[in-house]
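Take a look at the fold below.

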Amino acid sequence: MTDTGPPSFSGVHHVAFTVRNLEASIAWYQEVFNATLADGKLPHYGREWTGYAELVIEPRSGFAIGLHHNEGNQGEEFNEARTGLDHFSLNVETREGLEAWAAWLDSLGVAHSGIQTVKDPFPYSTVIFRDIDNIQLEVVAFGV
């Protein structure tokens, strides 16, 4: 019997964002996620002439965030109403995890929604915040 489903994968390695000011974004993500900057610049595969990326890595999970400098960037703020990324969400297991994130963001002076609880269509709670390019990030806990 042949398996007709897609191949599996073991997790998410990284997410990548095009940013307006690479150095400022690297500093913001390093501060908010206590991330380290990986050595070297990564070309845009198949479009090497358009720019490059640098990776910041969250040390506990190893999750990488690619921050891209693109020569065609017009300097406009991110807007999720356009085709492409809407937001990026990170999972925590408990409400205490959300409380810790809200307190951490407060300590950094990063504006956020506070803990928002939703019951329908399924129960979850989330803390929503935005990076310096207006990209929406959120931390979510399901069932709480």
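What follows moves from the whole chain to its parts.

This is a predicted model, in which local features need pLDDT of at least 70, side-chain atom pairs count only at pLDDT 80 or more, and totals for chains, interfaces and linings use all residues. Residues are numbered from 1 along each chain as its sequence is written, and side-chain values use heavy atoms, with hydrogens and water left out.

Start with the inventory. The protein has two helices and nine strands. These are DSSP runs numbered from the N terminus: helices are H or I with at least four residues, strands are E with at least two. Read from the N terminus, the order is β-α-β-β-β-β-β-α-β-β-β. The C-alpha trace spans about 55 × 45 × 30 Å along its principal axes.

Four strands form an open sheet, ordered 6-9-8-7, with mixed pairing. Two strands pair if DSSP finds at least two bridges between them. Strand 6 and strand 7 stand at the edges with a single partner strand each, so one side of each has no neighbour in the sheet. On average, neighbouring strands of this sheet are turned by 25 degrees against each other, direction ignored. Helix 1 packs on this sheet and touches strand 6, strand 8 and strand 9 (136-142). The direction of helix 1 makes about 145 degrees with that of strand 8. Contact here means heavy atoms within 4.5 Å. Angles run from 0 to 180 degrees between N-to-C directions, and axes are lines fitted to C-alpha atoms, for helices over the stretch in contact.

Look next at one end of that sheet order. Strand 7 (residues 112-118) and strand 8 (residues 124-130) run antiparallel and are joined by five bridges. Together they form a hairpin with five residues between them. Threonine 117 has serine 125 of strand 8 as its bridge partner. Glutamine 116 stands opposite threonine 126 in strand 8. The loop between strand 7 and strand 8 holds proline 121. A cis peptide bond joins aspartate 120 to proline 121, with omega about 15 degrees.

Asparagine 34 lies in the loop between helix 1 and strand 2 (36-37). Its phi is near 50 degrees, a positive value in a residue other than glycine.

How do the helices meet? Helix 1 and helix 2 pack at an angle of about 135 degrees, their axes 10 Å apart. That makes helix 1 oblique to helix 2. Angles under 35 degrees count as roughly parallel, over 145 as roughly antiparallel, 65 to 115 as roughly perpendicular, and the rest as oblique. On the helix 1 side, Glu31, Val32 and Phe33 meet Trp101, Trp104, Leu105 and Leu108 of helix 2. By class, this contact has six nonpolar, no polar and one charged residues. Ala, Val, Leu, Ile, Met, Phe, Trp, Tyr, Cys and Pro count as nonpolar, Asp, Glu, Lys and Arg as charged, and the others, Gly among them, as polar.

Finally, the pockets. A pocket is an open set of points on a 1 Å grid over the protein atoms alone, where a 1.4 Å probe fits, with protein on both sides within 12 Å along at least five of seven lines; lining residues have an atom within 4 Å of a point. The largest pocket has a volume of about 380 Å³. A volume is the space filled by probe spheres set on the points, which are joined across faces, edges and corners. The largest pocket is lined by 19 residues, with Phe33, Glu58, Arg60, Leu90 and Trp101 nearest its centre. Helix 1 (22-33), strand 6 (88-91) and helix 2 (95-108) each supply at least two lining residues. The lining has 14 nonpolar, three polar and two charged residues.

The second largest pocket has a volume of about 320 Å³. Its lining has 16 residues, and Thr18, Glu76, Phe78, Asn79 and Arg82 lie nearest the centre. By class, that lining has six nonpolar, five polar and five charged residues.
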